[in-house]
Number of protein chains: 2
Amino acid sequence: MTPRSIRLTALSGLPLVQPGDDLAQLISESLERDGAGLQEDDILVLAQKIVSKSEGRKVRVAGVEPSAQATEMAALTGKDPRLVELVLRESRCVLRFRPGVLIVEHRLGFVMANAGIDLSNVDHADGETALLLPSDPDASCAAIRSALRARWGCDIGVIINDSHGRAWRNGTVGVAIGAAGLPALHDLRGRPDLFGRELLSTEVGLADELASAASLLMGQADEGCPAILVRGMRWERREGQARELIRPAQMDLFR
Amino acid sequence: MTPRSIRLTALSGLPLVQPGDDLAQLISESLERDGAGLQEDDILVLAQKIVSKSEGRKVRVAGVEPSAQATEMAALTGKDPRLVELVLRESRCVLRFRPGVLIVEHRLGFVMANAGIDLSNVDHADGETALLLPSDPDASCAAIRSALRARWGCDIGVIINDSHGRAWRNGTVGVAIGAAGLPALHDLRGRPDLFGRELLSTEVGLADELASAASLLMGQADEGCPAILVRGMRWERREGQARELIRPAQMDLFR
């Protein structure tokens, strides 16, 4: 099933996304302009920011009242108590903190800094704002996939990616926080390798590798391209979700 | 510097690599056959396995004498004492273990299972064999880059990738264990974002994202493609190394 060649292309001309915008529609318009269209087995990787914005997940920081716990944690980390309040509301628990660092288990299960709340690349017309993750990124992907299938008549994969820090390694990498239409976790266990030896423990984070690949074209700063078309991938048909990629806490040796 | 489009292509017709093989030569022959050649700013991502094989890092398991410590750890993990002996020789310390799992800090600094020692996809003509990581993967990349520059007259990036498990998330992803000719860690700190707000802590694991992207085309089992050409990337010229990606133990909150 491994492809010989794949191409990743940044969709052009997407407007700055506003709450209520129909992302599938904006994507379709871009694909029409570019002449790329959509083909069976294409994969679209969308930056978390545009999905969150379209779903109205922007919060005005000025209106947030920090709890006692948030105030305490803000003092310990040197962060804005209102931001910490939002982080705690979005999280199941705090895993690690120190000055400048606050790593939590997000209510979606992701271990990440600041619950993925983003104070950069957000329009500040409302004063300081914070952008939360989509409330159900797998469902967001399924809805966008469904709308694009209706428009283009082909079955595709959709991934929402975000940049996450990691244990042990410097630098963020793109990971999948939502997925639809493809196995986020690709199970190779039990297949023979080149010499017929059984592969004992090979599960591949397929959606994460796609998320990282797309990240290469998204940029981070002044030239963001928040939607990437991946063409040429092949995969076993399965209705996967990004939640497959979350290791349950009780199975994790590093929390 | 963000590209609009990139293409990843698996090099065809690479033979099974043997100790002493000249990888740059084998790669060049494949590029000639395919008609792809090499262009300025191309990136080659090579699977750890072929680099290790070419450097003669295959060890006959039968000749390994387990130490008392290896024997004890083998009992605790249910692994072959000779494999554990090799793992311990390649490692600075054991970080976690339980039945079936042995996670170490490799002497190169990588936190990984079994010190990256691979018992699959290895020719077993010598009986059971183990394949160790290259002794200095950054140096391997620099040498291959240099040989390819001499042959093709253009400056490229070279990455050696490997599949690593991760904290918190299921599935392995491709990561860079060696790099030359590009910033493995891409520092965006201090640049303004879309709205002029300063990006405070954005370092991107560029070589890891490339390693993951290439991994999508490498396959794991019966159809391995161990060399991937990435065309279209742009990056700031810098002599980077994969060791930039290793977070020093004293900076790591998750060991």
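**View 1. Helix H1 of chain B and the residues it buries.** In this predicted model, H1(B) buries B:Leu23, B:Ala24, B:Leu26, B:Ile27, B:Ser28, B:Ser30 and B:Leu31, where buried means under 20% relative accessible area, exposed over 50% and partly exposed in between, with a 1.4 Å probe and protein chains only. Helices (H or I, at least four residues) and strands (E, at least two) are DSSP runs, numbered from the N terminus. The cover over these buried residues includes strand E2 (43–47), helix H2 (48–54), helix H5 (137–152) and strand E12 (227–231) of chain B, contact being heavy atoms within 4.5 Å.

**View 2. Helix H1 of chain A.** H1(A), residues 23–34, has twelve residues and reaches 16 Å from its first C-alpha to its last, close to the 16 Å expected. Its buried residues are A:Leu23, A:Ala24, A:Leu26, A:Ile27, A:Ser28, A:Ser30 and A:Leu31, and what covers them includes strand E2 (43–47), helix H2 (48–54), helix H5 (137–152) and strand E12 (227–231) of chain A. The N-terminal cap is A:Asp22, which places a side-chain oxygen 3.2 Å from the backbone nitrogen of A:Ala24, and the helix is followed by A:Gly35, whose phi is positive, near 75°.

**View 3. Strand E12 of chain B and its two partners.** Four of the five residues of E12(B) are buried, which leaves the strand mostly covered. Strand E1 (residues 5–10) of chain B pairs with E12(B) in the antiparallel sense over four bridges, two strands being paired if DSSP finds at least two bridges between them; in E12(B), B:Arg231 stands opposite B:Arg7. E2(B) also runs antiparallel to E12(B) and is joined to that strand by four bridges, with B:Ile43 opposite B:Val230.

**View 4. A:Ile159 in the largest nonpolar core.** A nonpolar core is a set of buried Ala, Val, Leu, Ile, Met, Phe, Trp, Tyr and Cys residues joined through side-chain atoms within 4.5 Å. The largest has 55 residues, of which A:Ile159 and B:Ile159 touch the most other members. Not counting residues up to four places away in sequence, the residues touched by A:Ile159 include A:Ile43, A:Leu44, A:Val45, A:Leu46 and A:Cys141. A second, separate core of 31 residues includes A:Leu11, A:Leu133, A:Leu148 and A:Ile177.

**View 5. B:Glu90 in a loop of chain B.** B:Glu90 lies in the loop between helix H4 (81–89) and strand E4 (91–98) of chain B and counts as buried because its relative accessibility is 9%. Its side chain makes a polar contact with the side chain of B:Arg57 at 3.4 Å; such a contact is a pair of N or O atoms within 3.5 Å, and within protein one must be able to donate a hydrogen and the other to accept it, residues adjacent in sequence counting only if both atoms are side-chain atoms.

**Notes to all views.** Residues are numbered from 1 along each chain as its sequence is written, and chains are lettered from A and ligands numbered from 1 in the order in which they are written. Local features need pLDDT of at least 70 and side-chain atom pairs count only at pLDDT 80 or more, whereas totals for chains, interfaces and linings use all residues; side-chain values use heavy atoms, with hydrogens and water left out.

Notes: The expected span of a helix is 1.5 Å times one less than its number of residues.
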